Amino acid sequence: MSVKWIGAALTVAACGWFGYLAVNAYKRQESYLQQLSQILAYMAWELEYRLTPLPELCRKAAQQSKSPLGQFFVQLAQELDGQAAPEVAPCMSILLSKSGDIPQLTGKALELLGESLGQYDLSGQLKGLEAVEKYCKHELEKLSYHREERLRGYQVLGLCAGTALAILLI
Amino acid sequence: MNCAWDAFLSLLPQDMRHEVNKQGAKSLQELRLRLGQPVEMVLNGKSTWLSRKARPEDLSFVVNSASRYSPWSASTAAQGYITATGGHRVGICGVCVIQNGIMTGISKVTSLCIRVAKDFPGIGNGCDLSGSVLILGPPGSGKTTLLRDLIRRRADAAWGSVAVVDERGELFPVGADFYKECRTDVLTGCGKAHGIETALRTMGPTVIAVDEITAKTDCDALMHAAWCGVDLMATAHAASIQDLLQRPIYRPLAESGLFQTVLILNRDKSWRRERVRL
């Protein structure tokens, strides 16, 4: 009898854990997009006033940000120093394929960033950064829409699914 | 192997470096990449061709390695050239982007000309360095190289300092091991007219040196500096003094009598001294 109840409790806990993971992934998406927005704002500022070359710019942005995404920019600087590809976009793609822990939306934004970098004129380059920043803000807005309800929903759904499964199994 | 040559090789795609290093380590003057055409190497004034044809990614690689993936940071990229680490100048041709009548970039690069920066200490030995010096010559005749050596000699000999307004970063480039006298102040990256004015006001030089004067504002700034009691060292594109006098931009400068010494360079790198006769 007790084994049955322990099994039911484990089923509920496992499903609840999936709900928790979904909430975590959602928050991670948000956090990475926010980090990227901050990095982009810093890059735009640094470019406007100092015209810093890209590898240095990436390192400075990483240093400034001190976030998990900052490490990605340090790696990008290393790829650029190593002349891994003729343009920035392929360097970015190589790096994205290597680092699998970047959330999907941030990965898409980084791909856009890679394509926008390498303009001949500063204003064109700043517009490119601005476009990626807009993309991040748009995605953040979408994520923030009914945010609390969604997060609660994932958790409740996990627990309810677990309970339902436990009842079925009992 | 010097670091300027290493810097030059690092501009090229990996699969091109070995061949260029093998054939051109000692005598390469220019490397030209034209989209879809064999790569041209100019060795001691003569062209040889690599069997390899230039691909779009090769051109992108050179532009990006010259600017460290940041054409925007090279303020001159939109004007059609980038000075790479080591002082090598990458000239860019392609489809220009014009906004409000100003060239803001190049949308498609179709040709590149990479000029190898070289240094020959002592080539200016024998030049009389008193007063102001103007070096004339056609492109590729060695004006910048001679000016660099004359700056060294002048900084070594002069009481006071030599201010170098190095707009293109070719005289004493970053990443090159070109020897520089300790009494030399280099202002890199700013326009010549503005740079001359800045150097004059802030550095208290006895000599101001500029490479390739091309605009009326440059000539006006030079004359203004000379009237303030500073000696000048400059280069210009011209085949002779007569050629110089025929150009409306240069004529006032030549007529002002500011330059006591005019050195005329030939394509074969030989030079002669002339006086301005009006």
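In this predicted model, chain A averages a pLDDT of 88, and 99% of its residues score at least 70; pLDDT is the predictor's confidence in each residue, on a scale from 0 to 100. Because the model is predicted, local features need pLDDT of at least 70 and side-chain atom pairs count only at pLDDT 80 or more, while totals for chains, interfaces and linings use all residues. Residues are numbered from 1 along each chain as its sequence is written, and chains are lettered from A and ligands numbered from 1 in the order in which they are written.

Chain A has seven helices and zero strands, where helices (H or I, at least four residues) and strands (E, at least two) are DSSP runs numbered from the N terminus. The radius of gyration of chain A is 21 Å, whereas a compact globule of 170 residues would have one near 15 Å; this radius is taken over C-alpha atoms, and the globule rule is 2.2 Å times the number of residues to the power 0.38. Along its principal axes, the C-alpha trace of chain A spans about 70 × 35 × 25 Å. Of the 170 residues in chain A, 29% are buried, meaning that 20 or more other C-beta atoms, placed from the backbone, lie within 10 Å of the residue's own.

How do the two chains meet? The contact takes 18 residues from chain A and 16 residues from chain B, with two residues in contact if their C-beta atoms, placed from the backbone, lie within 7 Å. On the side of chain A that touches chain B, helix 2 (54-65) and helix 6 (122-144) of chain A each supply at least two residues. The largest share of that side, three residues, comes from helix 6 of chain A.

Chain B has its own helix 6 (residues 216-227), whose twelve residues reach 17 Å from first C-alpha to last, close to the 16 Å expected at 1.5 Å a residue; the expected span is 1.5 Å times one less than the number of residues. Buried in this helix are Asp218(B), Cys219(B), Ala221(B), Leu222(B) and Ala225(B). Seen down the axis of helix 6 of chain B, these buried residues fall within an arc of 165°, so they line one face of the helix; the arc is that of the directions from the helix axis to the C-beta atoms. Just after helix 6 of chain B, Gly229(B) takes a positive phi of about 90°.

Technical notes. A residue is buried if 20 or more other C-beta atoms lie within 10 Å of its own, exposed if 12 or fewer, and partly exposed in between; C-beta atoms are placed from the backbone.
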